[in-house]
Structures are given as C-alpha cells and as structure tokens.
Amino acid sequence: MTAALELDGLKKSFGKTEIIRGVDLSIGKGERHAIIGPNGAGKSTLFNLITGRFPQSEGHIRMHGQDLAGKAPFQINRMGLSRSFQITNIFPKMSVFENVRCSLLWSMGYRYNFWSMVGRSRALTEGTDRILDQINLTARRDLPAGVLSYAEQRALEIGITIAGGADVIMLDEPTAGMSHSETDYIVELIRAVTEGKTLIMVEHDMGVVFGLADQISVLVYGEIIATGTPEAVRANPKVQEAYLGEAMEVH
Amino acid sequence: MRTKTMLGLTTALTLAVSAFAAGADTIKIAFIDPLSGPFAGTGTNGLHQYEFAAEELVNKKGGVLDGDMFEIVAFDNKISPKESLIQLQVAIDQGIRYIAQGNSSGVANALTEAINKHNRRNPDDRVLFLNYSAVDPALTNDKCNFWHFRFDANADIKMDALTDSIVSNDEIEKVYIIGQDYSFGKAVASAAVRYLGEKAPEIEIVGNELHPIGKVKDFTPYSRKIVASGADAVITGNWGADMVGLGKSVLENGFTGPIYTYYAAADGITAAFGDAGVGSLRLVAEGQLNPPPNDRASEYIQAFKAKYPDGNLSQARITNVIEMLAKAINEAGTADDVVPVAYALAGMEHESLWGGNLMMRESDHQLIQNVHIMEHTSDVVHDHDNSGFGVKVVKTVEMAAADSPTTCEMRRP
Amino acid sequence: MDLILVNLIDGLVTGLLLFMLSAGLTLIFSMMGVLNFAHASFYMLGAYFAFQISLYLGFWMGLLIAPLVVGVLGAGVERYGLRRVHQYGHVPELIFTFGLALLIEELVQFIWGKNQMPYATPEILQFTAFSIAGNSIPAYKIFMIFISIAIFIGLLYVLTRTRVGMIIQAALTYPKTVEALGHNVPLIFMGVFGVGTALAGVAGVIAGPVLGTFPGMAFVLGSIVFVTIVIGGLGSLWGALVASLLIGWITTFSKAYNLRMEDLLTWLGFTKPEPIWDSAWRDLWSITSPQIADILPYILMVLILIFRPYGLFGKRDA
Amino acid sequence: MTDQLTTDPTKPAQRIGAGSLTVPLIPWVLAAALLMVLPFIFTANSAITIMNQMAITIIFALAYNMLLGQGGMLSFGHAVYAGVGGFACVHIMNMDDFFAQIPLPLLPIFGGLMGMGLATIVGAFSTRKAGTVFAMISLGVGELIAACSVIIVAFFGGEEGISGDRTYGMPFFGVEFLQQIEVYYLIAAWLLISAALMYLYSRTPLGRMANAVRDNPERAEFLGYSARWVRFFSFVASGFFAGVAGALFAINYEILTEENLNTTQSGLILLATFLGGVGFFFGPILGAIVFTLVQTVLSLQTELWAFYLGIVFVVTVMFFPGGLAGLLMMHVPAMRLGKLGRLGVPYLKTLGSGAIGCLGAAGLIEMTFHLRHASAGDHSMTLFWITFDSHTILPWIVAIAVTFVGLGIARRTAPALAEAWNEANTPDGAPR
C-alpha cells in the first residue's frame, strides 16, 4: 500500500535562509497525523510546500505515489488534497451557503460550466445543506460569511476544506485563538468530518493534538526530530529536550 | 412641439425636448459644436460670432420673409461624432431645419452622412447642413451631397493659394511638410506635394511627415529634424495645441524661415506666439481683418469686440453663412421647405462683408471666394486675443480655384 | 553625428521631467500600495498655480510657492479622501484617484477656462545656451536639467542619509513594525503623499512654460507616467529613473529619425505587396517611427508586463 | 443584532438569492413590458434616440460589471472590445453582397464574436493577475489599440472613422429599419436578451466562481479552480457582450470612430457602472440610465455638467461605495420589517432640504462661472428658469441663503434621520 503522502528529502530556502532542511515523512492512508514544533520551526512552510503554494527547493512530495512537483494549488486540490489556513481564509462577502457551494463545484464535476444554473441542481443544494448541517451553520446559511463569529468562521473554514470530498485533509492550526469551549466544539467537528480520511494538522494546543492524532511528528528548525504515536513522542528524550520540556509539564 | 407629460412624470427626458420650445416666428439654426472639453474655447467663440451675426445682420434689419427672426440654438457635441448625431436628432426634433457645424472634419463627415440618410428616410422634415469650417476636400468631392454647403475654402483651395505664395518667394528652395496624422493632415500634405510638384518642381521637399494628433507633448525632436534638414519653409495644417506646440518649438530651436499654416490665429494661439511669431508665421484663410477692408467691416468688428471683449472675430465666414442663408430664404419664400432654399443657395452670388465676391458653386456646393495669405504681426488695427498681435493680409488670390475640378456627383431631388 | 548629441540632451530633458513625476508616484505606491491616477493632475495644478503666482510675484516665487501649495493639497487629499477610501481596498482607491483626476481637470477648467494660459519662461532664461550644428539649446532646458538633477540628489540624500528617510524606508517594508516603534505611520503616509504630489507640482511649474499650460496637460502626460513606473518596477526609485530616461530617449530618437517599417519588413525578407494602396497591409507598410513614437512606451509596457510582470527593477509583484 | 437577521431555514420563501431554486421571472416580465410601452410615453424622436443610447450603455455597463463587480477586475480599456465589435459590424454593413444575405437583427452576434475574439487574445496574458497589474495592462492595451485606430486606416478608418448604412441588410419581416423607432425595438430586444444572458451567467458555476475569485483568489485555487482561468472566461464573456453593445451602437449611429475605442470612453463606462453600483446586478442598469441622462440632458442645461458629475462620482466613491444600487438595497431590511414608511418624513426633511441646499450651491457655482467666463457686458443669466443679472447682489444673497438654510436644516435634522433609520431597521420588541 502506498502512503497517502510521502515527503522525501524536502528542502526549502528563501534566499540564503534554509527554512526546511531535509524532511522525510510518510503518512499512511486514514492516518491522523499532527505536526508540532516551536514557533518558526517551518510548520506552515511545510504545509505551503505540500499544497503547492510555494515551490520546493529540493526533494520530492508524492501523494498516492504521484509527484506533486511543479503543480499549482488547484491541480493538487483536484488530485484530492484540501487544506485550511491558519488565518481564516474564506469568501467574506459571499453568503455562508455560497462559500460551501463554491467548494463543492469542482468536485461535483461542474468545472468551468457556464450553461447550467447552480440553483437548479438539487444535488448541489442538498450537498451544500448537508455540509452546513455537519458544521452546524445551517442557521447562518444566508448571512455573509464575514459577519460570523470567529469560531463560526473557523468552522466554515473547515467546512470549505472538507466539502470537496478530498481524501487528504490538511488543517493549519484549526483552533488558533479559540476559547476552551470553542476548541472543544471544533475538535469534535474535526473528528466527525474527517472520519475515514487522511488528516494532517499543525497545532499548538497539545490537548487537541493528543486528543485527535494517531501519529505525531515534531518539527524543529526545519527538521523532523521524531515521529511516532503520541505516547512514543511524549517519551522521546530528544523531543523532551528540544521542545516539549516545560510545555509538556503543564499538560 | 411640446411633449405630453404622462402620469404626472415631468422627467428630464421631456425637459430636453421642451426646453428650447420657442415662439413660431423664429427660424432656428442649430449650432452643433464643442461647448465643453478641450475645444470649448473655439466652439464658444464661434457661437458668439453666430449669435452676433444673426442679431446684427438679420434681426436688426427686420429679419427675413415677413419679419421672421433668426435664432441660434446651441448644442454641445463635445467634438464627438456620436454626440453630434444625438444633438442632430434633438435639433431635428425641435423642428430645426438648418444645422451649422465647423470644428473637425470627422464630425462634419458624420453629420453630412447622417443628414443625407435622414433626408432620404424622412422627406417631410429635411434639413440643410451649413458647414462653415470643416475643410476636408472630400466633403465637396466624393462625399458631397445636395444638403451640404461649405462656406470655407477647402484644404486644396487654400493650399493652391499657399503654394503660389511659396513659389513666388525666390528664397525658398527647400520645404518641410509636417501635419497631424488624420484625414485633414494627410489632405494638406498630399495637396502640398501635388501643387509644389506642378508649380515648381525645382523646390525640394526635404521632409513630409505626420505626427499623432493631440498626443505630442514635446515637439523638440521634430523641430530638430526640421532645422537639420536645412528647410527654408515649413508647411503645416496643425491646429489647436498642436499648432502652438509645433510653432513655438520650431522657432525656439533656431528655425528662422516662414511657417505656412492654416490655423495659427486666435483662440489663444496668437497670444501664445506673441512676439516670437512675428516674421515667421504665415496664415492662409478667407476673410480680411487687417488692413480693414471697409468701414462696414470695421464697425462690425468694433461692435463685436464691444460685446465680447475677450472674443475674437476669428471666422469671418460666419457672416457669409448668415447673410447668404437669409438671402436664400427670402428668394425661396419659405424657410420650412429646405429644398427651394438649397436651390436658391446653390449658384448664389453675394458680396461679402469682408470685401470681394462670393459664389456658391452649383456643382459641389463649395463657396468660391477670395483667399488671403496673411502674416502674424503687431502692425494691425484689429488684434486677436487682445494681445496686440494679429494677422494682416499680404497677398490675395481672387476667387481662388473657381474652375478647379470636382469629383462630386450630386443627386438633386 | 551632432544631431545625436542634441537628441541625447532633448531626451534627457524629457526623461528627467518624467522622472520628477514618476519618483513621487512610485514613492507613494511603494508606501501605500496606491497607484495615484491623479498624480499628473497635481502636475497640472503646479503649472496653473505657478502661472497664477507668476502674474503677481514673478516666475521664481511661483517655482517656490506653487509646489508647496500643491503638496499641502496632496496631503489634504490623502488625509480626507484616500484614507477614507483605503478601508474599501485597492480597487476603490484606484477608482477614487481616477475620479479625482476627472474632477481636478474640470475644476481647472472652471477656474481658468479652457484655453491655454500664456505661461512663459522667465526672461532671464530666454536665450540660447549654445548651438550644435544650427540646433540651438535654450538655456531653459539646461535649467530644467539642473533642477531635476538637484531634486533627484536631494531626494536620494533625504531617503538614505537622514533619520526621516530611514523611517520612511523602514515604513515602506515594515509598516506594522514602524508603527509599533511609536512612529505615526498615518502621518508619514500623509507626508509622503504630500511630498510626492509636491514633486509633481515642481515638474508642472518648470514644464508648464515649455509643454503648455492647458486643461488637457494632465491627461496627455498621465498615462505615460504610469507606464514609466510600471516599466521601471512598481515601487523602485532607480527603476523609475531608468525607465524615465529610457522612455525619454526612445520617444525622442524615434521622432528624430524617420525609420520606416517598409525598410524593416524588406530587411526581414518580406516583399512589398503591389499595388500597395489596395493591400490590407498597406497601413503596416507605411508606418514610420515618428508616427508610433508615442505609443512605443505602451508597447514596451505590455511586453514587460507579459514577460517580466514586476518591471525592470521591481522586487515584488504588484 | 445579528441573530435578528438570521433567516429561518424552515421557511424556504425567506431564503434569499443564493439558495433559491428558481430565477425570479417577474422583474423580467415587467422590464419587457416597460421597454414595450416606453416609446408610447416618450414619443419624441430625440427621446427615442436617448433611450437607444441608454439601452446600449446599459448592455455595455452590464458587460463591464461582469469584470468589475463580479470578477473584481478593474479595466481602464474596455471600450476597445465594444469598439472593435462595432467596427466589425460596420464593415459587414459595407460588404454589400454578404450583408444583403443576413437580417440586420442578427448583426450583434457578429459584433459579439469579434469582441470575444479580441478579448480572448488580450485575456490570454492580461488575466494572469487581478488588481493593479490587470488595470495597468488594460490601460496599456486600451491606449495601444486606440492609438492604432488612427494608424491602421484600413480597419478603423483613421480619425474620421468608418460609416455604413443599416438599411442595406435583408429586411426582417418587412422591416427595413428606416426609422428610429424600429431600431429602438431591435435594441430593446437585444437589451433584454443580453441582460437575461448575463444574469443567468452570474448564476452558473463559472459565474459563482468569478465572485469567489474576486473575493479571495487564493482560496479559490485551493478549491480546485484556477483563478486565472476563471478570470479569463469572465473576461471573454464580458468581451462578447461589450461587442454586442458595440454592434448595436453601429446599428444605431451607423458610424464608428476613434472615440469608441479611446480611454475616455473606457473611463466613462467605469464611471457609469460605479455610480450605479457594482455590488448588484441592476446597479449598472441604474448607472447607465442616470449617466446617459446627465450626459445628454444635463449637458444641454449647463456647461458644467462634467464638473458636477466629477463631484458626484468622487463623493460616491468616498461615501457610498455601493453606488445607487447599494443605497437602494440598504432599505431592504427596513422594507422586510414593514417599516419603510417611517423613513418618509425624516427623509423629506433632511434629504429634501439637503437637495435644496445642493441646488443653491450649484446656483452659486453657476453664477461664479458666469461671472468669470461669460462675455463682458453679458450680465443676464438664466438659472432654474429664472433670468436675472449676475452682477447684482440680490441673486447672490438668495443663492447663499438657499444653500446655507438648506444644508443647515439638513444638518440639524440629520440626527433625527439617523434615529429613524435605526428605528426602522430594528424589529419591534427587540432589545435596543
């Protein structure tokens, strides 16, 4: 069985600064994989490399065995990879319903269709409503997304990310800036909507990480210093030393 | 005609139509020319000349027919062919039968064609086109029609006179032709080449070029070329800012010979040249202001300057338009049916306020008149732009090009 | 050939004039991300103000006062207009400055009318500095060159050698950080906008007498200034300088020499269709370089945008 | 407050726009009926000319808004697509044999295809980026093609343009399009067809994605759509309808010139569209109507029309970025609550007096202008149907008084209006 996602000697430099310094990682199908690490370790850069936002300097990224080199974000998305963003990245002027519907269009085969009415497709409307229901935003359906509360926008962000039915889901700090109750709500949401899919997430909240992930990788200064189950990573002395130290004591 | 207002909606649309509704005893002449935008100065000045001429030459003398007065109705065409057609429609709708326009041959081409079509499609409310300033030769040649009358000498006729003047000047051996890149500029250039070739093949044309119209910020490179070519004289059809820009730049960069022009007077141009233009600027035009041709003309100019101190009597032909139209209406006995008026105008002879005879040639509706070569000087009685400078006639071609050929095949109703 | 030297000087004058406009525009752009469509309108205001002042106090006072007035006006536009529109995003900002350009043109016509103003060079500079092969170089042109270079050096000095310049340069790249350091970034923005428009004002003051002071002067120059900073690379002062000189020389030389498309096509191995006036390509064959001189910058810009979207010296995408 | 705005999903009738399954037909039927009867209300030929102009501008503005409003692309050179479509149609009119074979009403299709063809070429490189880069390329290409129009005389006819005769086409059910009114109905029909098509386009997947790309191109890329291709298709579609507008222009005026292509024309359509409002489909329609009226009717009344237009435009950009349509749509919540009527009196007080104040100010401007630029000795001027001497003090006092009293009352009553506004937008019984 090929891995869902495979990184092989991945490097990225901005000018002379090497941000990602050779990452090898294999994420299996259906795995829930969390990437943790201190600020500035290169977690978001890693995400951006995988999703085609930046080109890598060296190395390979393979999804289901296919090389992603030189592919644009939309091409990677069409191959079944979808991501969310650390800073909420939705369509603020469009309604919540529209937001979700737009994220369904490509996967439902509409592509650059300009001859059929979106409003006429029952399947599309029902599909959108189903996702709205899943992310608990049915009541907000017709509001402009920009007026939602922060937690609701985060939920919408996740809704948009999963709507297209991608089988590899990447979430960048889904609970950043949330209160405890909001975090619990989002964690439950993530658990529900990524059922049966490969999940890769960057997260700072260790509660979330240990609650959700099957596997954890620790990224420090552009290198992965440990990968394994939560227990193994927790026990890893290198991790303890490099990063977790005090942070772990708290939890 | 007043448009009925329905549903109590006195909308702006109706306003447009009814705003100019006036009494029955006036003969309205639509003045369609730019009254806003970059050429508004020229347009407004022309409008004043029309209003003054109608008042002074017709209305004060008791009007035409049974005391019908002339009224000039102004329409702003923003020097756009499209706007002109809209304004033409508005004018026709107000029952106006006479359309006067002059600025830009492009607009004139659009109007003459539109009027031709209109008259063919609507025989009940035909109109006449009194073109007082658009000099593209095509208007009285290939594009001529029965409804169009041109009161200015066309570009060819003027060039004929202008080249005569050049040929008679022994000091001119090399000529540089430069103009704006459009129909009129090209017409001027080809006429210059043709006439010089016919009259004085020994005169060398050392440059013949066109520059983009209204877009050149700095004419220095052109004047460098002119100076470097060793030309003794420059011929240009430039007008407006292009005239000022080219002329000033040529003089500034060391050119000392004569510059032969069509439109280097009034509308701020005379003031802009001032002292620099003396001895160089030559102008070919009809209508003599200096030396004053007769007392009547002088009185007329003084009266105009009294009413419009900032204005210029820059288009003497406007008085010809008004006088000849009045005469034609009287001869035809009607102002409503333009066909007899047109027949009366065609072939009409008239003595101009500015001296000399006028003859509206029947074959192409081109007015045959005296064409003058003038020079820019301070030795004038009537100046332009209140600058102390003006144009003075130095040479006259009587009834210029009276027997010139035309390709016009006019269809008459 | 002597003419080359003459044209080099002429092109330099045009280029430096363009640079005074594009320098301000590019400063404003790199700081605020706003392409000020109305920039050339401030140039026009400079010329008109200077003309008005020169009627009473003479040319030199006009040169001194008019740019200051323009700068204050510009700062006012930033403070009360642009800052308000800023919240809606860049496209409305661009539309705002576009509307402003229209309004200023109408305003100028309202106040001064539609004719060209008799704004002339000062008498003290109305002589021929020197002549090259019969072509005279007016002293005023030399004066223009000196003023432009002085301003460029002054600008460079302020930006690289003074504290204010350091803050501005920092604010260009890290506005948030500079603000956090306690500097009043909105005030800096206003100041830069004011200075940028004042520079345009200076250009207007010294160009008005030679290029004409009329309501269309902004429109004629406006889009060329845009083209300049796009070619140079949005936000790059050196780019603006290089592009200005490039455009100055390209347009001057293509006007000064009659290069014909016919020669080029023949050289490329095409045969001239006969008879030429009946061919659909007749217009292509008859093109000469002076005819297209003024659209060359646009062609250059489109090519640059296609092949090098960030311009000659640009560091980032707009 | 936001809670109050939430619609109840169990009542489909309340679902607005986005979710509804049907395209509302009633406005279209009303529009068609209105277009039918308008010539019977405004019978004058010049009124029909203005309405023709209006209809053409509406199509063009709607096409422009496909870019600006729906696609977020600001173009300073869109006139070239309309212009080139129009030029192509005049050339077709002049191809005697061919033109006699096709009925005139089909001509706009050719214009549209021509506009579309050009848009395809230009769009291939200009739509890579939105925002400033797109705006600059559009300006450059626009200037380039406009400048070429005087150089490439074979196609564009140089400065004087080219003209044709629409009546040489094949008669369409016996109609030869000799009269303005016949042309009116042809244009009206095309207006309905084009507007409907453009409306429907905005409801297609591509149309929806154009909005998404406008709001957040990066996010759209991560949803499987190439922002560039979405922009490209919008651009091409917009080019088609611009070409249709150009073709109708050709049919109506039978002449096309350089000014159909130049940046002034492109700027005007931006002005009209933005004034109307880019946020709503009907915004450009409103804008085109108002703009055409200002251009053709107000310009007959005052030389300063462009000055006023400039002021209104700048004020719109600064204070009402939603344009006229945005202003109208602000009243929808109050209308839903059935409280629109409560705004009537405060509006009358504030806006009424404000309008009078503005007219007073306009009067002052006109008088200043007359004082400065009228010919000396010409002291009499006519303003609002009153003729008076602009060199006496009385009219000035009156104008100043009207201005200050009008604006003063507006200012005084503004808080009351704001109060009434809040009131009207708050459901009864809601906590304030």
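**A walk through four chains**

Helix α9 of chain C is mostly covered: 14 of its 16 residues are buried. Two terms need cut-offs here. A residue is buried if 20 or more other C-beta atoms lie within 10 Å of its own, exposed if 12 or fewer, and partly exposed in between, with C-beta atoms placed from the backbone. Helices (H or I, at least four residues) and strands (E, at least two) are DSSP runs, numbered from the N terminus.

This is a predicted model: local features need pLDDT of at least 70, side-chain atom pairs count only at pLDDT 80 or more, and totals for chains, interfaces and linings use all residues. Residues are numbered from 1 along each chain as its sequence is written, while chains are lettered from A and ligands numbered from 1 in the order in which they are written.

Stay with α9(C), which covers residues 217–232. From first C-alpha to last, this helix reaches 23 Å, close to the expected 22 Å. The expected span is 1.5 Å times one less than the number of residues. Next comes Gly233(C), with a positive phi near 105 degrees.

Now look at α2(C), residues 39–57. Its 19 residues should span 27 Å, and its end C-alpha atoms are 26 Å apart, which agrees. Is this helix enclosed or open? In α2(C), 15 of the 19 residues are buried, so the rest of the structure largely encloses it. Just after α2(C) sits Gly58(C), where phi is positive, about 90 degrees.

Move to chain A. It has nine helices and ten strands. Its radius of gyration is 18 Å, close to the 18 Å that the globule rule gives for 251 residues, so chain A is as compact as a globular protein of that length. The radius is taken over C-alpha atoms, and the rule is 2.2 Å times the number of residues to the power 0.38. Along its principal axes, the C-alpha trace of chain A spans about 60 × 40 × 35 Å. Buried residues make up 45% of the chain. Two residues are in contact if their C-beta atoms, placed from the backbone, lie within 7 Å. Of the contacts in chain A with a separation of 6 or more, 67% join residues 24 or more positions apart.

Strands β1(A), residues 5–14, and β2(A), residues 17–27, run antiparallel and share eight bridges. Two strands pair if DSSP finds at least two bridges between them. Phe14(A) has Thr17(A) in β2(A) as its bridge partner. The two strands form a hairpin with two residues between them. In the turn, Gly15(A) has a positive phi of about 60 degrees.

Chain B holds an open sheet. Seven strands lie in the order β7-β6-β8-β9-β10-β14-β15, with mixed pairing. β7(B) and β15(B) stand at the edges, each with a single partner strand, so one side of each has no neighbour in the sheet. Neighbouring strands are turned by 25 degrees against each other on average, direction ignored. Seven bridges join β14(B) to β15(B), and the two run antiparallel. His376(B) stands opposite Val391(B) in β15(B).

Helices pack on this sheet too. α5(B), residues 155–168, touches β6, β8, β9, β10, β14 and β15 of chain B. Its direction makes about 60 degrees with that of β14(B). α6(B), residues 183–199, lies across β6, β7 and β8 of chain B, at about 160 degrees to β6(B). Axes are lines fitted to C-alpha atoms, for helices over the stretch in contact, and angles run from 0 to 180 degrees between N-to-C directions.

How do the chains meet? Ala, Val, Leu, Ile, Met, Phe, Trp, Tyr, Cys and Pro count as nonpolar, Asp, Glu, Lys and Arg as charged, and the others, Gly among them, as polar.

Chain A has no contact with chain B, and their closest C-alpha atoms lie 35 Å apart. No contact joins chain A and chain C either, with closest C-alpha atoms 12 Å apart.

Chains C and B do touch, with 29 residues from chain C and 29 residues from chain B. Elements giving two or more residues to the side of chain C include α1, α10 and our opening helix, α9. The largest share, five residues, comes from α1(C). This side of chain C divides into eleven nonpolar, 14 polar and four charged residues.
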